[in-house]
Amino acid sequence: MYNNSTNAVYDARTLGRPKMLLLGFQHLFAMFGATILVPALTGLSVSATLLFAGLGTLIFHILTKMKVPAFLGSSFAFIGGYAAVVAIGETQGLSQAASLPYACIGVFFAGLMYFILAALIKAFGVKKVMRFFPPIVTGPIIIAIGLTLSGSAINNCQASWWVALSAILIIIVCNIWGKGMIKIIPILLGVIGSYILATIAGQVDFSPVAKASWVGLPFEMQNTAFAVFKNPNWGLVLTAIITIIPISLATMVEHIGDMCAISSTTGINYLEDPGLHRTLMGDGLATSIASMFGAPANTTYGENTGVLNLTKIYDPRVIRIAAVLAILFSFSPKFSAVISVMPAATIGGVSLVLYGMIAAVGVRNIVENQVDFTASRNVIIAALILVLAIGINYGPGSISFHIGSANISLSGLAVAALTGIILNAVLPGKDYEFGVNPKGDESVDFEVNRVKKP
């Protein structure tokens, strides 16, 4: 699968600084649309998102000995977790702004799960550990993440269906018929195109943009996880942790798939050097730090792997240039304001495609790993994960119980993930082995518009 050649990694040294800067901007452009879309969908800070995407990428590179050409941007997988915690917080009288910091605490602990998995892989090897996280568990969980979010996408589309449909049409055209960079950034082009159409139609109020300053700090302390501890609701803290931690199961497997994809693209086995345990720690630490300051969870980005494949320039320094550029952009409140006034219908149209694509990734994960649905254990595990996740989400919304004086609420996704993990562990017939099917190992990449190798 890999040729372990190191020659390609250093090709950029002959390009010179101007060309490397252009390559850095290209990587920034590739990750831009998806990264800023997550705060637009969740209500988190756009500026903080860019800041900690850049810082998270640099942290990742330091922990991986500056060897892996990966960019860390916002993770779509946790959108359902943010939404679930906000919904639970609202039932307890909290606003979205007050509930989001609690969700960030949950994401912080999800990031720490990467360190546990890294330690297990270092101690026992990836094949033994991944046997407990097979596609029959991760696939349905990913499907449920996409489907449980579908209602919010439809609600946003109803603000203006023609604007939403224009975003969907642009994404489809760019993704199916686009070439080169056009094919890598269909989400960004869908946002820009429908945004422009809505502006022409007079559906955008730019007064907040006019009032915003050009330069400012990327985040405010009242929007960070630290603000929770001024007057904490410990029940909601525990709820957020229990709700969001199970999502890390899907994102850690996604990370491993991304590392396989990057290794396949560059021809260098990064799972061996610097080691999968190091890449997991880099991703987890970047996620935990970002979450404490009100930014979304981070993940390695498939769009940037696509750029690597297009340019054939694998020097990690180019990625670090993009990271520095992201940090610089984060200090512009005016840019953040441009994102905040984006029409709801634009967000709806883009998220309708995005959430469907997330669910499709789960289906792909199951299909490409050739999960045997003639086996009763697999049918039972998948059925319970899907029904619990979707049924609880659209039924009671959460399952609540008390521990002492604290009220704990579990979202449908949390209940489903825990159920799937436990059932897979206790039911006989675990036959999944990581590394046997490279195509299946890479099929958990939430960024599904990555340009594949020819």
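A nonpolar core is a set of buried Ala, Val, Leu, Ile, Met, Phe, Trp, Tyr and Cys residues joined through side-chain atoms within 4.5 Å. Buried means under 20% relative accessible area, exposed means over 50%, and partly exposed is in between (1.4 Å probe, protein chains only). This is a predicted model, where local features need pLDDT of at least 70, side-chain atom pairs count only at pLDDT 80 or more, and totals for chains, interfaces and linings use all residues. Residues are numbered from 1 along each chain as its sequence is written, and side-chain values use heavy atoms, leaving out hydrogens and water.

**Exercise 1.** Find out how many residues the largest nonpolar core has.

Solution. Step one: the count for this core is 122 residues. Step two: Phe-76 and Ile-145 have the most contacts inside it. Step three: helix H4 (residues 96–124) gives the most to this core, eleven residues. (Helices are DSSP runs of H or I with at least four residues, strands are E runs with at least two, and both are numbered from the N terminus.) Step four: there's also a second, separate core of six residues, with Ala-48 and Phe-52 among them.

**Exercise 2.** Work out where Met-66 sits and whether it is buried, exposed or partly exposed.

Solution. First, locate Met-66: the loop between helix H2 (46–63) and strand S1 (72–74). Next, check its backbone: phi is positive, about 60°, although Met-66 is not a glycine. Most residues other than glycine have a negative phi. Finally, Met-66 counts as partly exposed because its relative accessibility is 40%.
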